[in-house]
Amino acid sequence: GAMGTFADDLELGRLGPAARRAVRALGTAGTVARGAVVVIVGGFLLAAGIDHRAGQAKGLDASLVAVGRHPYGVAVLVAVAFGLACFGLFSIVAARYRRL
């Protein structure tokens, strides 16, 4: 996400310079946030596997609740929520300007 390869499949030439920058920023923030969510859930799955307790494996909602209980958790959740909102906006733009 940080490398911006998501933009290779878009026709950004049809947008003005400011809109191109905004789309790239939304795509970068959104893709990084989506990756962070995967890392959070994967970390809890890995911990459950290492402890040999499959019943402790957590899905997305339980993983985010567990992160929120840490002292820094609220800040992480706010950052992830902002990033996922960016990803949603980027997805709307990508649906319109996707190269077919």
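Modeller: Gladly! Read along the sequence, the pattern is α-α-α, with 3 helices and 0 strands in the protein. Please keep in mind that this is a predicted model.

Biologist: Which residues does the UniProt annotation "transmembrane region" cover?

Modeller: According to the unreviewed UniProt entry, that annotation covers residues 31-50 and 70-95. In the model, residues 31-50 are 100% helix and 0% strand, with end C-alpha atoms 28 Å apart. Residues 70-95 are 88% helix and 0% strand, and there the end C-alpha atoms lie 37 Å apart.

Biologist: Which residues of α1 are buried, and what covers them?

Modeller: The buried residues of α1 are Val23, Gly27, Gly30, Thr31, Ala33, Val37, Ile40, Val41 and Ala48. Their cover includes α2 and α3. In α3, the buried residues are Gly73, Val80, Gly83, Cys86, Phe87, Phe90, Ala94 and Tyr97, and what covers them includes α1 and α2.

Biologist: Phe44 also lies in α1. Why is Phe44 called partly exposed?

Modeller: Buried means under 20% relative accessible area, and exposed means over 50%. Phe44 has 21% relative accessibility, so it counts as partly exposed. As for its place in the fold, Phe44 and Ala66 are 22 residues apart in sequence and 9.4 Å apart in space, C-alpha to C-alpha.

Biologist: How much of the whole protein is buried?

Modeller: Buried residues make up 26% of the 100 residues. The protein exposes about 6500 Å², of which carbon and sulfur atoms supply 67%.

Biologist: What is Val23 in contact with, leaving aside its neighbours within four places in sequence?

Modeller: Val23 is in contact with Phe6, Leu10, Leu12, Leu15, Phe90 and Val93.

Biologist: Now to charges. Why is the pair of Arg14 and Glu11 called a salt bridge?

Modeller: The rule asks for a side-chain nitrogen of Lys or Arg within 4 Å of a carboxyl oxygen of Asp or Glu. In Arg14 and Glu11 the closest N and O atoms are 2.8 Å apart, so the pair meets the rule. By this rule the count comes to 1 salt bridge.

Biologist: Are Arg14 and Glu11 buried, partly exposed or exposed?

Modeller: Arg14 has 46% relative accessibility, so it counts as partly exposed. Glu11, with a relative accessible area of 26%, is therefore partly exposed too.

Biologist: Where does Arg98 lie, and what does Arg98 touch?

Modeller: Arg98 lies in the segment after α3. Not counting residues up to four places away in sequence, Arg98 touches Asp9 and Leu10. Arg98 and Asp8 are 90 residues apart in sequence, yet 9.3 Å apart in space, C-alpha to C-alpha.

Biologist: And what does Asp9 touch, not counting residues up to four places away in sequence?

Modeller: Asp9, which lies in the segment before α1, touches Tyr97, Arg98 and Arg99. Asp9 and Ala94 are 85 residues apart in sequence and 8.5 Å apart in space, C-alpha to C-alpha. Asp9 has a relative accessible area of 42%, so it is partly exposed.

Biologist: What share of the contacts with a separation of 6 or more comes from residues 24 or more positions apart?

Modeller: Such residues account for 56% of those contacts in the protein.

Key:
Residues numbered from 1 in each chain as written. Predicted model: local features only at pLDDT ≥ 70, side-chain atom pairs only at ≥ 80, totals over all residues. Heavy atoms only, no water. Contact = heavy atoms within 4.5 Å. UniProt positions renumbered as here; feature names shortened; annotations may be inferred. Helix = DSSP H or I, 4+ residues; strand = E, 2+ residues; numbered from the N terminus. Buried < 20%, exposed > 50% of the residue type's maximum accessible area, 1.4 Å probe, protein only. Areas by Shrake-Rupley, 256 points an atom, 1.4 Å probe, with all protein chains shown as cover.
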